Amino acid sequence: MKRDPIQLDQIDRAILILRGHKVLLDSDLAALYGVEAKTLNQAVRRNAQRFPTDFMFRLTREEAQRSRSQSVTLNAELAESVQYLSSRRTQRGENVKHLPYAFTEQGVAMLSSVLRSPRAVRVNIEIMRAFVRLRQLLQSNTELATKLDALEQKYDAQFRAVFDAIRELMAPPDPPKNPIGFAPD
């Protein structure tokens, strides 16, 4: 199976963070699958028992508005793509008539049992790979942060000794205990 770089880019750009989960919105999934969002949601409604709340949830009005302009993402590369998505969504109109659904990784996997076209299968495989890449990126960032903390603690102790030595050199000398010389009464 040949990977389509444009499609991979579309998937990476479509992943958002909502309610602490990495999700894909129904409109973005529909575009990836090459169907209308209405068709995708209809298939989901027909198989509602397959989509519990941890697989799929409906956005609130506030979340829908935020998803239009979400700029905080998992890495800097995704920030630019979210701006692209934001501009694309704004072109459809400012008012949200139907609140979108957000699908978690498990929800997207479950979609593969509902949507059976060859394109849907290929898209699902690439989406799963995108989620794996995202997890690996987060894990490598966590490992880097742990190493940085260890270095900071190590060097803080070493620099503390240097700063203590500098402070000692900067402190005025203690007065002598037994002054030498003539002292007037």
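How exposed is Asp12? I looked that up before anything else in this predicted model. Asp12 comes out partly exposed, at 24% relative accessibility.

**Salt bridges**

I searched the whole structure and got 4 salt bridges. In one of them, the side chain of Asp12 meets that of Arg133, 2.7 Å from N to O. Asp12 sits in helix α1 and Arg133 in helix α7, so this pair ties together parts 121 residues apart in sequence. Arg133 is partly exposed too, with a relative accessible area of 30%.

Next I checked Glu63, which pairs with Arg19, the closest N and O atoms being 2.7 Å apart. Glu63 belongs to helix α4, while Arg19 is in the loop between β1 and β2, 44 residues away. Glu63 is buried at 7% relative accessible area; Arg19 is partly exposed at 43%.

Then I noted Arg135 with Glu105, closest N and O atoms 2.6 Å apart. This one ties helix α7 to helix α6. Glu105 counts as buried at 19%, and Arg135 as partly exposed at 39%.

**Core**

I moved on to the largest nonpolar core, which has 25 residues. Leu29, Tyr33, Leu40, Phe103, Leu111 and Ile127 touch the most other members. α7 gives the largest share, 6 residues. I also found a second, separate core of 9 residues, with Leu18, Leu25, Phe57 and Ala102 among them.

**Around α2**

I counted 7 of the 8 residues of α2 as buried, so the helix is largely enclosed by the rest of the structure. Tyr33 is one of those buried residues, and its contacts include Leu40, Val108, Arg119 and Ile127. Just after α2, I see Gly34 with a positive phi of about 80 degrees.

Note on methods
Residues numbered from 1 in each chain as written. Predicted model: local features only at pLDDT ≥ 70, side-chain atom pairs only at ≥ 80, totals over all residues. Heavy atoms only, no water. Core = buried A, V, L, I, M, F, W, Y, C linked by side-chain atoms within 4.5 Å. Buried < 20%, exposed > 50% of the residue type's maximum accessible area, 1.4 Å probe, protein only. Helix = DSSP H or I, 4+ residues; strand = E, 2+ residues; numbered from the N terminus. Contact = heavy atoms within 4.5 Å. Lists of a residue's contacts leave out its neighbours within four places in sequence.
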